[in-house]
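Please look at the sequence and the model below.

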Amino acid sequence: MPVQHNAPSSGVRRRGRPAKGTPAAREAILGAALHGFSRKGYEGTSLREIAEAAGVDPALISHQFGSKFALWKALVDEMAQRLAAARRSIEALHGASGSTRERVREGLAHFITANCDIPELSKFLSDELSLPGERQDYILHTIWEPYQDAMLPLLREAEADGLLRHNGSPELTLMMVMGAIMLPLMMMRRQALSNHAEAELSRRLVSDVLPMVLAV
């Protein structure tokens with residue numbers, strides 16, 4: 001998928017710029033945008049910095065996306081597309097065979113793992129969701145609401161079966177799961193994690209977070 005996990009260091013141009021208008025150029029721009037926005041925030045990141053990190057001319061970003069906000073929206077759309085596969089896996093659990101507990105655990109595992117699969121997503125979302133306005137609204141509509149719509153039927157089944165801890169509401173339970181994974185991801189991603197460490201972090205979050213919301 002186009003959004004890169006390892007954006008180049010700020011201020012360092014790649015050898016051989018991506019050809020103008022190619023998928024590689026778009027991929028480089030989106031990857032650099034995610035890296036910049038998650039490190040310095042929307043206001044603190046300029047199109048020139050993104051272009052420098054992506055190894056493209058700033059005019060290419062303006063030509064392809066039109067504005068910084070349009071680039072930001074394209075990035076959110078791209079992340080939503082990446083998360084869509086996990087969302088469909090969750091939706092497939094609605095009315096499927098197996099116990100409610102098993103299906104809820106599997107759905108939450110998909111939810112947690114999907115967030116782990118985009119290293120800078122947690123920091124990006126944390127910053128944007130803390131600021132009311134058009135960007136917050138766009139993320140809620142594009143990323144959060146589709147996930148909520150996928151998970152809530154399972155969590156409502158869990159609520160009906162008395163499986164949620166502390167008699168929590170499905171909506172609050174899902175927000176608690178999100179909160180429980182965002183801080184560890186933000187803190188751990190400050191380190192340069194190997195692929196093995198990334199996989200282990202994802203596994204630990206699944207095993208440690210689920211008992212926080214599901215009754216034994």
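What follows starts with the chain as a whole and then turns to individual residues.

This is a predicted model, so its confidence values come up before the details. The mean pLDDT of the protein chain is 85, and 86% of the residues reach 70 or more. One stretch stands apart: over residues 4-16, pLDDT stays under 50.

The protein chain contains nine helices and zero strands. Read from the N terminus, its elements run α-α-α-α-α-α-α-α-α. Of the 216 residues, 46% count as buried. Among contacts in the protein chain with a separation of 6 or more, 74% are between residues 24 or more positions apart.

Now to the charged side chains. Side chains of opposite charge can pair when their charged atoms come close. The count in this model comes to nine salt bridges, and three of them are taken up here.

Asp127 and Lys123 form a salt bridge through their side chains, with an N to O distance of 2.6 Å. Where do Asp127 and Lys123 lie in helix H6? They are four residues apart in that helix, which spans residues 121-129, and therefore about one helical turn separates them. Asp127 is partly exposed, its relative accessible area being 23%. Lys123 is also listed as partly exposed, at 29% relative accessibility.

The salt bridge between the side chains of Arg135 and Glu128 has an N to O distance of 2.8 Å. Are these residues buried or exposed? Arg135 has a relative accessible area of 16% and is buried. Glu128 is buried as well, with a relative accessible area of 3%.

Glu171 forms a salt bridge with Arg156, and their closest N and O atoms are 3.2 Å apart. Glu171 belongs to helix H8 (residues 170-188) and Arg156 to helix H7 (residues 134-160), so this pair ties together parts that are 15 residues apart in sequence. Glu171 is partly exposed at 29% relative accessibility, and Arg156 is partly exposed at 41%. Elsewhere, salt bridges that share partners join Glu43, Glu128 and Arg135 into one network.

Rolling a probe the size of a water molecule over the atoms shows where empty space is left. How many cavities of 30 Å³ or more does the model have? The count comes to one. The largest cavity has a volume of about 50 Å³.

Which residues line the largest cavity? They are Leu83, Phe111, Asn115, Leu125, Ile143, Trp144, Tyr147 and Met178. Helix H5 (100-116) and H7 each supply at least two residues of this lining. H7 gives the most, with three residues. By residue type, the lining of the largest cavity divides into seven nonpolar, one polar and no charged.

Notes. Residues numbered from 1 in each chain as written. Predicted model: local features only at pLDDT ≥ 70, side-chain atom pairs only at ≥ 80, totals over all residues. Heavy atoms only, no water. Salt bridge = Lys/Arg side-chain N within 4 Å of Asp/Glu carboxyl O. Buried < 20%, exposed > 50% of the residue type's maximum accessible area, 1.4 Å probe, protein only. pLDDT = per-residue confidence, 0-100. Contact = heavy atoms within 4.5 Å. 1 Å grid on protein atoms, 1.4 Å probe; cavity = no way out; pocket = protein on both sides within 12 Å on 5 of 7 lines; lining within 4 Å. Points joined across faces, edges and corners; volume = space filled by probe spheres on them. Nonpolar A, V, L, I, M, F, W, Y, C, P; charged D, E, K, R; others polar.
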